Every structure is written in structure tokens, then in C-alpha cells.
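Subject: Structure handover

Hello,

Here is the structure we spoke about. Please look it over, then read the notes below.

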Amino acid sequence: MIRPTRPQRVIAAACLAVLMAAPMAACAQTTGAPVAPTAAVAPAAPIDRQALVTRHNVTLTAIDRHAPIMLGNGDLGFTADITGLQTFPEQYSELAPLLTMAQWAWHSFPNPEGYTEESGLIPVPVPGRGEQPYAWMRSWADAETNPAYTWLRANPHRFSLSRIGLTLADGAPLDFAKVTEARQTLNLWTGTLASRFLYDGQLVEVATRVHPTLDMVMVDVHSSLIDNGRLAVSVRYPTVDPAINPDPTNLENEGAQTLFIVAQNDHETRIRRTIDETSFTSAISGNGDVAQTADTEFRVTGGDRWRLTVMVRFDQAEPTTATPAFAEGVTAAAGHWRTFWTSGGAVDFSGSTDPRAAELERRVVLSQYLSAVNGAGELPPQEEGLFSNSWFGKFHLEMHPWHSGWQAMWGRPEMLERSLPWYLGNLDNARAEAARHGVRGAWWPKMTGPEGRNSPSLVSPFIMWQQPHPILLAELVWRADNDPAVLDRYGELVESTADLLASWPIADGDRLNLGTPLIPAQENYDPLTTINPTFEVEYFRWALETAQQWRVRKGQARRADWDQALAKIAPPPMRDGLYLPVENVPDFWETAASDACREHAAAPQCKNRDHPSFLMAYGFIPGARIDPAAMRRTFEAVEQNWDVRQTWGWDFPMMAMTAARVGEPEKAVDWLFADLKNNQWGPTGMTPRVHLDEHADELVPVSAGAGGVAMAINPDGPGYRRAAETYFPSNGSLLMAVGLMAAGWDGSTGHAPGFPKDGWTVRVEGLTPAP
């Protein structure tokens, strides 16, 4: 799964890693080609990858109810509590369910009314093109008159495959009050979660791993409680809760579902699990005795005196390979993670005097781990990965580069390429969507599942900044190796996507407009009046020009129709020397600077909130028509006038990228550390998703039971509501920003051009400069 580092990548990395004081003219950053350093400069020593990684191992000595630890392999994610399993889910936030989620594990509730995609479409006027069908809900109340909206949004959805936890051998649950002296460490180098605690005064040690190539959880329990027959492992197979978000687990096991044993012997029990029309296989094996103790529950007891090993495997179809021995699985897991950390790119901040450097390094290392678990599967990641469900577990394609674009920049293109085939497999669907709108090429949905259908929404059908993404992602893969095979693999995808970019803009005299209908990445605009957002007009042009370069690389002529579109796409709108978010709000900055809007009023005219996405035109991409000086002034205007309370996790790295390109490395670092609600990095490297909510109180409910509702301090303070415990675009965007700041971008000069020269020692290996 993880390919070795190429020799030329190592040589280029050594060049980039020369100490900051060394002349960096020796490195050709725009191509990554190495040039011999001057005689006075000695090559820097390679980064000690093991030291870099392991100094950021995660250690907990008590439950952090917001931060259970994750294990996984990209296709399977397992969320563990303080016991290393899923023994005490009630001790965690309701937004942090303990789940076992697979990329392939999707379910749909029955559809007796026969709703289809067309059931959720309504006609929307498009200038010059008449009415066209969009999956638009004008308000959430629309679902009351058209129940198809609800079904189409909720289906298909992700679900949890199992809950694996410790139990007493007689089936009684463990008493959390008897758990003391807990200590838990995630060893990032080996992918092992080591948990130890006393239960009723007796030591229990649990090692938990996920196999690297099989969707299998491996559990190794050591305790005298096993020898005296008191401790066991329980494996439960839930059905799907109708609420779905954030926890799809339903242990009541109602509805159309079955579980039956396919085969059983001394070594393995294999089952077939069916929920409505969804089915999968599972196998339980190890050194203990497996017994079915309820319709959907198994218990593993016995073992070898003080040791009990359990492997729980999941397969979408009947497996064609045998389950390996436990020791083989342990070796495979350790080897996988060692290879992961020793190949690809790395950034080391040791030796820096800026007090923030160690924390940034921690965030970078943990973000790589979390992305490998949640953002390197066979589908584009959902915003909460395999941790929990948001938006029914569907993925948002506009977030795909923020999740995974870093992977190619950091010398791991094979990770990104695991999800790119989804686009190839859905090309026909995307072409059909474009044809329905009377344009050419492939039209990519915003919020979707594996089937590629757009989900009805107030916003989703009009979001368009995901349209160029396949070209960007393919280009990042190309830049990682300059391998001609990449042009063959994704040439059709690039061509079809570019056709959409050239044909969707609407002719208006001698120019082409983006929109209407359109909602930009800054989502607080009316789709029926919005045209020409600064970022989108530059991103469409950048991607179209990149598609032309793909043709040139393949020895083909430039497309004349694409060149015509490039020449006519509307310019990025400006007024008074500042870029505007959208062309149709020319008084944006005057209004934003008013007392009412600077005081964070919620007046409709105050648009200085949400994502300042127009900055992406010279940060996320190098907009060819962007004036750096004007963008620098615009950046300063954002700093002075933006309502930053409701910024999202990817906004801070996005702003850092723009700051770096306009020559403000100090501000780039400052924005990475912005002390705002959605930029709080927990012990496992996750950031929350917090919303403004004027009704949110100082206390929030945490559980409901026989004793009533328990209350706890609102972790985010009054006026805010926590919507999720994790938001993985924060992690991927941080890595993309740090990659740009450390390795540079096309046309940048000097070592680590996005970092300040004072206080920062930045050693870089194996990174490709950003476009």
C-alpha cells in the first residue's frame, strides 16, 4: 500500500533540508530537480523519522469524553475507549460514538414509495437557458410537503459494523466505577493502542490494532481475570438507528435483519449479517472459545491462561483469503506503519525557538496519522471520516482536496489515488447530470454517497467549486512523479471535467459569467443573484489551463474551445483596490466596515462571515490574474473586518497559504494558531466543529437515564453549540498549508518560504512544491 521513496525524491529532499542559512539557489523548487550544493554547504542529516513520530505518541490517563482514540487502515476505522475497546460508550460525548466503520459499509432504509432522484428535483430559472432541474429545497419545511427530500438525503448512509468490548464472562457489563489507574498510549510508529488499568484491583492490559490490508480488528488481552474465568470479550452486531447522525448504532436489533452462522470450528466462527438489503460477512477467531449468547451477540472466553487474543474480521463479500494467524497480523500492522512513516515526506521543527513549533509539529504528525486512517480509502472521505456520521455519512466533494490533496504533495500519491477511481467509476453519472443541464462534460455533485447522486439541500445543488477538483487532484498526482502513466490514468477524467468548466459559464456579451444560479465557497449568498465569485472564476481558469497543459504533455494540440473560454471568463471582481467576494455585491467592503457589521451583527447585509474564500484565488491556487499587492490589501481587510467567530477548521490553513504567497510568513503562522472555536486541537489531533447558537447555555445535557438528565459545562461556552467532535478538513488543510509553507510553490525562492526566518528551523524531506 505504501510505496518506497524514490531515490530522486530523497536527493531533492536533502537539497530542501539544507539549513536555513544555506543558499537555497541550489534547489530548483519549481521542478524538484536536485542541483549540487556549493562546496561550503554539507548535506543535512536525514530526519530521524522514528524520533519525529514517537515524540508525539498520544497518552491518556483518564477518559477525555471528547477524544476517544482511533485506529484504522483507510478502509476500516475503529474508535476505542480507555479500555482499548468499546466497553464504555456511555462515558463519552454523544458526538463521539464508539464505532466500527468501513468505507464499503452503506445501508438504505426501505423505499416503499419508490423515490428516485427525479423525486427531489424542481425547475430553477437559468439566464439564457430556461428552467433546469436542481435538487433544491427552498427551506427545510419543504420536506413536510415532499417526503422524498428526507429519504433522498438520508439514503444511502454509513453504519457501524460492530461494537467490541470487554465484559464479564457471565455476560454482565463491567462496572466503570471499578476501573482505576488507567493509562493508554497510541504508539504511532507501530499502530498499536496499549491500554492498561486496574479492574476491581486486578491489572488488565489490552493491545489493539487494525490489520493493514484486511478490515480486521486485533485484540490482545492480558490479565489474571482471564485465568480465573471472569473476563471476556463481547462482539455485538447492531442494526441501524433511524436517527443515523452522529451515531448509527441501534442495539435493539429491530426491523428486517438476520444473523446466522455460516461455519464454525475450533479456530473461527464465520457469520453472515443482513440488514434490509445490506449484507456482509464477519469472522471471529483467536485463542479463545466463541459462543453465541444472543441473536446478534457473541462472547469470547478462555484463552491461554492469562492471555486472550481475538480477531474480528469484516468483508463486504465472502472472503477469498484465509484469516492470518494473530502473530502474522501483529507483524503486518507494525510493518505497515513503519513503512508509512519512513516513506513519503516529513517536516521536522526541532531546533526552532518559536514556542509554537513543537505544537505545530504535533498537529502535523497526528494529522498524517488521522488522514491515513480516515482519508485514504476507496471513497472520498466524509467530513467526520470513519469517526462518526454527519450528513448521514455522505462525503462532500468540495472538501476532497482539503482532506487528501496533501498526500500527493507529501510524497504519498498512492494514498490519494485510492479515492480517485471513484470519479472514473462515476463519469457516466456526471456526464448525464451535465447533459440534463444542457452543457458538456462531467458535472460533479456536492454532497453524495458511493452512487454519485446529489443530495437535496438548501445549498448543495448550487455549490460549484468542486467542479475543478478532479483536475487539481490529478495534477497533484502528476507533479509528485511526472509519471506519463498518470496522464493515461486520468486523461479522460481531466478532459471531461474541463469540458464542463468551458461550457457551463453563461455568455454575457463578450464575456462568460459564472452563475446564476450559484453559491460560492462562502455559502451565505443568494443562489439566484450571485455571479462571478473571485475564487471560482480564477479556479475555473486555472483548471482549464491545467487541462490544456495535460494535452500538451500528451503531444496533443490545445483545444480551441477551451482557449476561447479562458479568454472570456469574467475577471475577478474588484472595487477600490480590494477583491470582492462576488461581483454582484460591489459595496461589500464598505458594508463590512460599518459599525453594525464590525460588531458581529446578524443583519442580512453583513456578509463578512463564513469562509473568506476569495482569498483562495491566491493561496489555494496561484490565480494568474490576481495582483499580489491587491490580494495583500484584501487579506488585511479581512483581518480588520471579518466576523471570525464562525470560521471553520480549513479557513485557518487556507488563510495561511494566502499569507505565505503574499510574503507574510509571520501572519501565516499566526493564522495557523488562531485562538478560535474551530481551531482547538485536542490530545488526539482532532478539532471540533462548533456553531454559533445564541440559545446555547453554559450547561449542556450529557446523558439521560433513570436518574434524569445529567448536565456538564458547555465545552465551548455560552452562545456556541458543538456539532461534532472532529472535522477532518482541518487536518488535511493544515498539511497542505504546511507543505506549501515548507516546500514552497512554483516561483517561490528560498528555503521554507512560508515560515519566518527568525525562530523557525524547518527541515524538509520528500515534499513537492505546490502549484
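Which residues in α19 meet which residues in α21? From α19 come P653, A656, M657, A660 and R661; from α21 come S730, S733, L734, M736, A737, L740 and M741. Contact here means heavy atoms within 4.5 Å.

Some ground rules first. This is a predicted model: local features need pLDDT of at least 70, side-chain atom pairs count only at pLDDT 80 or more, and totals for chains, interfaces and linings use all residues. Residues are numbered from 1 along each chain as its sequence is written, and side-chain values use heavy atoms, with hydrogens and water left out. Helices (H or I, at least four residues) and strands (E, at least two) are DSSP runs, numbered from the N terminus.

Nonpolar covers Ala, Val, Leu, Ile, Met, Phe, Trp, Tyr, Cys and Pro; charged covers Asp, Glu, Lys and Arg; the others, Gly among them, are polar. Helix α19 spans residues 651-661 and helix α21 spans residues 729-743. Their axes come within 8 Å and cross at roughly 10°. That makes α19 roughly parallel to α21. Axes are lines fitted to C-alpha atoms, for helices over the stretch in contact, and angles run from 0 to 180 degrees between N-to-C directions. Angles under 35 degrees count as roughly parallel, over 145 as roughly antiparallel, 65 to 115 as roughly perpendicular and the rest as oblique. The crossing of α19 and α21 is left-handed: the near helix is turned anticlockwise from the far one by less than a right angle (clockwise would be right-handed).

Now α11 (residues 427-436) and α13 (residues 484-503). Their axes come within 11 Å and cross at roughly 15°. The two helices are therefore roughly parallel to each other. Their crossing is left-handed. In α11, L427, R431 and A434 meet E492, L493, S496 and L500 of α13. This contact divides into four nonpolar, one polar and two charged residues.

The sheet

Nine strands form an open sheet with antiparallel pairing. The order is β3-β12-β13-β14-β15-β24-β21-β20-β19. At the edges are β3 (58-60) and β19 (257-264), each pairing on one side only. Two strands pair if DSSP finds at least two bridges between them. Neighbouring strands are turned by 15° against each other on average, direction ignored.

Strands β20 (residues 268-275) and β21 (residues 278-286) run antiparallel and are joined by eight bridges. I275 stands opposite T278 in β21. Helix α6 (residues 326-342) lies across β14 (202-210), β15 (216-223) and β24 (307-315). It runs at about 110° to β15.

The disulfide

The count is one disulfide, taken as a pair of cysteine sulfur atoms within 2.5 Å. The partners are C597 and C606, with sulfur atoms 2.0 Å apart. The torsion about their S-S bond is about -85°, so the disulfide is left-handed.

Backbone details

Most residues other than glycine have a negative phi, and most peptide bonds are trans. Where are the cis bonds? One runs from N245 to P246, with omega near -5°. P246 is in the loop between β17 (239-240) and β18 (249-250). Another runs from T516 to P517, with omega near -10°. P517 is in the loop between β29 (511-513) and α14 (534-553). D200 is not a glycine, yet its phi is positive, near 55°. D200 is in the loop between β13 (192-199) and β14.

Best wishes
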